[in-house]
Amino acid sequence: MEAKTIAMSLASNRSLIFPTSPRSSFVSTARFSRLPLKRACIGVDGFRGSALTRWNPIVPNRRRLVPVRATNSEGSSGLGKVKEYEEWDSWTAKFSGGANIPFLMLQLPQIILNAQNLLAGNNTALSAVPWLGMLTGLLGNLSLLSYFAKKREKEAAIVQTLGVISTHVVLSQLTMAGAMPLPFFVATSAVVTLGIILNALFYFGKLSTTLWRLWEDFITVGGLCVLPQVMWSTFVPLVPNSILPGTTAFVIAVAAVFMARTGKLPEEGVKFVQSLSGWTATLMFMWMPVSQMWTNFLSPDNIKGLSPITMLLSMMGNGLMLPRALFIRDLMWFTGSIWATLFYGYGNILCLYMSNCTSKSFFAASTIGLISWIGLALWRDSAAHGHNSPLRSLKELVFGS
């Protein structure tokens, strides 16, 4: 059904469009006072406007207020620019939604390859998959699952749930091959089971607020102490095997959560602590390619255990989100996506090609496709915003207006 809109006149010959479709988050102007807002500068045909957008540091902002310039004095040129802007807005949202497909299929080739190696008794090949990197990804999925469950975003919560389950299957295979210590796997399994149950109960309104807050505090503390420990452990034995990074971060995280819950932090501090789980989840995903590339460097013979299709799906999934992150000028989202696209997806495809583990045609197609996609995203974004150069879009992304 076509969404209806309500236009409100603004200064400088502008209008602000309020989507009123049933799926819109802004169905009532009375809710504006309760939503955290940010300023986002966007333009059409050189015009610079400001919009109120719903702040989400992790996922695309699909339901936002879109400023458009009134066209009664612009003529056909103005109409064309507005249409081009709106079309690219729609396409970037579709690309972002389409990224769910490769993400859902991401672990399937790796699971099949691991099963084949286990049945053949080739347990060494599974060492190419770093369990620390997979663990950080699983914890990131679990944190984002709680984030989306709290926002009542059913589709996104389902995607994160499938991500948690598929990654846990890979970790179980690594444990069977002796690549992951059993005590760590048991602890991980307990957290995963508890997390899925609590999130399901909370989503369906069967969990008390007290228990949910305890779970939120747990994933905040857990993410803050696991991330630095995993980053440190990645480089063992070049660095001493120590739990000091994780222990130090644990103390700091507990103190921050305690002060936030007891009202000993200012409002800005409380909001910062509440956002930590999302930020740490993003950083965990960004650390996955570093861990994988380091494993490839230490054990180049084990790279045969990597699936080229898995790396391609990762590159595609993150690449599909790049246009949207650039379009709405979300630097954090763009950084995480471009990092995973280049270093985790394409970076491992490059390692596989250099080790003669994939064909030249596969590598060439991946390279041409990636360069073309990034170029298309930059070109269409600059055209949609009325810029003469793609560098203008990147400048606004990094430095703002």
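**Inside and outside the model**

A: Happy to! In this predicted model, the largest nonpolar core has 33 residues, and those touching the most other members are W131, V170, L171, L174, M180 and W215.

Q: Which helices each supply at least two residues of this core?

A: They are α4 (131-151), α5 (154-176), α6 (182-203), α7 (209-233) and α9 (267-298).

Q: And which one gives the most to this core?

A: That is α4, with ten residues.

Q: What about a second core, how many residues has it got?

A: The second core has 17 residues and is separate; A99, L320, A325 and A384 are included in it.

Q: Let's zoom out. How many helices and strands does the protein have?

A: There are 13 helices and five strands.

Q: How much of the protein counts as buried?

A: Of its 401 residues, 48% count as buried.

Q: And which share of the contacts joins residues at least 24 apart in sequence?

A: Taking contacts between residues at least 6 apart in sequence, 69% join residues at least 24 apart.

Q: Which residues make the nonpolar surface patch?

A: I101, L104, M105, I158, L162, I165 and V169 make it, and the patch covers about 590 Å². Both α2 (100-105) and α5 supply at least two of its residues, with the largest share, four residues, coming from α5.

Q: Take I101. Where does it lie, and is it buried or exposed?

A: I101 lies in helix α2. It counts as exposed because its relative accessibility is 54%, and the cut-off for exposed is over 50%.

Q: How about Q229, buried or exposed?

A: Q229, which is found in helix α7, counts as buried because its relative accessibility is 17%. The cut-off there is under 20%.

Q: What is Q229 in contact with?

A: Setting aside neighbours within four places in sequence, Q229 is in contact with S242, I243, L244, P245 and G246.

Q: Switching topic: where does UniProt place the "transmembrane region" feature?

A: The UniProt record, an unreviewed entry, places this feature at residues 128-149, 156-176, 182-205, 217-236, 242-260, 272-290, 333-355 and 361-379.

Q: What does the chain look like over residues 128-149?

A: Over that span the chain is 86% helix and 0% strand, and its end C-alpha atoms are 33 Å apart.

Q: And residues 361-379, how far apart are the end C-alpha atoms there?

A: For residues 361-379 they lie 27 Å apart, and the span is 100% helix and 0% strand.

Q: What does Y353 touch?

A: Not counting residues up to four places away in sequence, Y353 touches T358, S359, K360 and F363.

Q: And what separates the C-alpha atoms of Y353 and A364?

A: Those two atoms are separated by 9.7 Å, with the residues eleven apart along the chain.

Terms used. Residues numbered from 1 in each chain as written. Predicted model: local features only at pLDDT ≥ 70, side-chain atom pairs only at ≥ 80, totals over all residues. Heavy atoms only, no water. Core = buried A, V, L, I, M, F, W, Y, C linked by side-chain atoms within 4.5 Å. Buried < 20%, exposed > 50% of the residue type's maximum accessible area, 1.4 Å probe, protein only. UniProt positions renumbered as here; feature names shortened; annotations may be inferred. Patch = residues over 30% accessible without salt bridge, like charges linked within 9 Å, V, L, I, M, F, W, Y side chains within 5 Å. Areas by Shrake-Rupley, 256 points an atom, 1.4 Å probe, with all protein chains shown as cover. Salt bridge = Lys/Arg side-chain N within 4 Å of Asp/Glu carboxyl O. Contact = heavy atoms within 4.5 Å.
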